[in-house]
Amino acid sequence: MSSTSFDAEWAGLKEGTAAATQMRLASAAPDGGGGGGGGGGEDLKSDQAVWNKASNDVGQLVSGIKKAQTAFEAGQKGAAVSGVDSAAAQSELYQSWKTYLDGLSGKCSALQGPMVQAGKGQVANDDALRADFTRMNDQYKDTPATGGR
């Protein structure tokens, strides 16, 4: 067993995930207040690498869950003692956790591909919006700006 406590490891995972997955909607107000969106697309910051990393991190969760399940299963050998109430309760608890971990692993596996696709879609959308703003800026370059920017 590792000397790292569960709470410390969990805190580290949450901190790393929060840092890796921070993003800002293009229409959200930039840091420092004011309105967002509507500009020439300069606030658009989708990043395929971030989505790929998040997908990879979810894949690592699957790997960790599988490793834990293997150790968990190994710990069950010899635990089933007939006629002992605590052994029956422990076996029921083991089955419950096994079902839960199987489901969690499946959900994580199922998320990997859609996360990559979501990143591709957002990047493509950002590129299209940038092109539209550029086209509009070129088309209306002689028109005076109104309303703020």
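User: How many salt bridges does the count come to here?
Analyst: Happy to start there, keeping in mind that this is a predicted model. A salt bridge needs a side-chain nitrogen of Lys or Arg within 4 Å of a carboxyl oxygen of Asp or Glu. By this rule the count comes to 3 salt bridges.

User: Which residue forms a salt bridge with D57?
Analyst: Look in helix α2 for a residue 4 places from D57, about one turn of the helix away. The closest N and O atoms of this pair are 3.0 Å apart, and the cut-off is 4 Å. The partner of D57 is K53.

User: Are D57 and K53 buried, exposed or partly exposed?
Analyst: The relative accessible area decides this: under 20% is buried, over 50% is exposed, and the values in between are partly exposed. D57 has 24% relative accessibility, and K53 has 44%. So D57 counts as partly exposed, and K53 also counts as partly exposed.

User: How far apart are the closest N and O atoms of K98 and D102?
Analyst: Helix α3 holds both residues, and because K98 and D102 are 4 residues apart there, about one helical turn separates them. K98 is partly exposed at 30% relative accessible area, and D102 is partly exposed at 36%. They form a salt bridge, and the distance between the closest N and O atoms is 3.3 Å.

User: How many helices and strands does the chain have?
Analyst: Let's step back and follow the chain from the N terminus. The elements run α-α-α. That gives 3 helices and 0 strands.

User: How many residues make up the largest nonpolar core?
Analyst: In soluble globular proteins, nonpolar side chains tend to be buried together. Here the largest nonpolar core is made up of W51, A54, V58, V62, C108 and M115. The total is 6 residues.

User: Which element gives the most to this core?
Analyst: Two or more residues come from each of α2 (48-76) and α3. One of them gives 4 residues, the most to this core, and that is α2.

User: Is S105 buried or exposed?
Analyst: You can find S105 in helix α3, which covers residues 85-139. Leaving out residues up to four places away in sequence, S105 touches V62, I65 and K66. Its relative accessible area is 3%, so S105 is buried.

User: How far apart are the C-alpha atoms of V116 and A49?
Analyst: V116 has its place in helix α3. Residues up to four places away in sequence aside, V116 touches Q48, N52 and S55. V116 and A49 are 67 residues apart along the chain, yet the separation of their C-alpha atoms is 9.1 Å.

User: Of the contacts in the chain between residues at least 6 apart in sequence, what percentage join residues at least 24 apart?
Analyst: A contact means heavy atoms within 4.5 Å. Among the contacts between residues at least 6 apart in sequence, the share that joins residues at least 24 apart is 73%.

User: Are the rings of W97 and Y100 stacked or edge-to-face?
Analyst: A pair of aromatic rings is described by the distance of the centres and the angle of the planes. W97 and Y100 lie 3 residues apart in helix α3, about one turn of the helix. The ring centres of W97 and Y100 are 5.4 Å apart and the planes are at 85°, so the pair is edge-to-face.

User: How much accessible area do L93, W97, Y100 and L104 have together?
Analyst: W97 is partly exposed at 42% relative accessible area, and Y100 is partly exposed at 49%. Together with L104 and L93, they form a nonpolar patch on the surface. L93, too, is in helix α3. The accessible area of the four residues together is about 410 Å².

Notes:
Residues numbered from 1 in each chain as written. Predicted model: local features only at pLDDT ≥ 70, side-chain atom pairs only at ≥ 80, totals over all residues. Heavy atoms only, no water. Buried < 20%, exposed > 50% of the residue type's maximum accessible area, 1.4 Å probe, protein only. Patch = residues over 30% accessible without salt bridge, like charges linked within 9 Å, V, L, I, M, F, W, Y side chains within 5 Å. Areas by Shrake-Rupley, 256 points an atom, 1.4 Å probe, with all protein chains shown as cover. Core = buried A, V, L, I, M, F, W, Y, C linked by side-chain atoms within 4.5 Å. Phe/Tyr/Trp six-rings, centres within 6.5 Å; stacked < 30°, edge-to-face > 60°.
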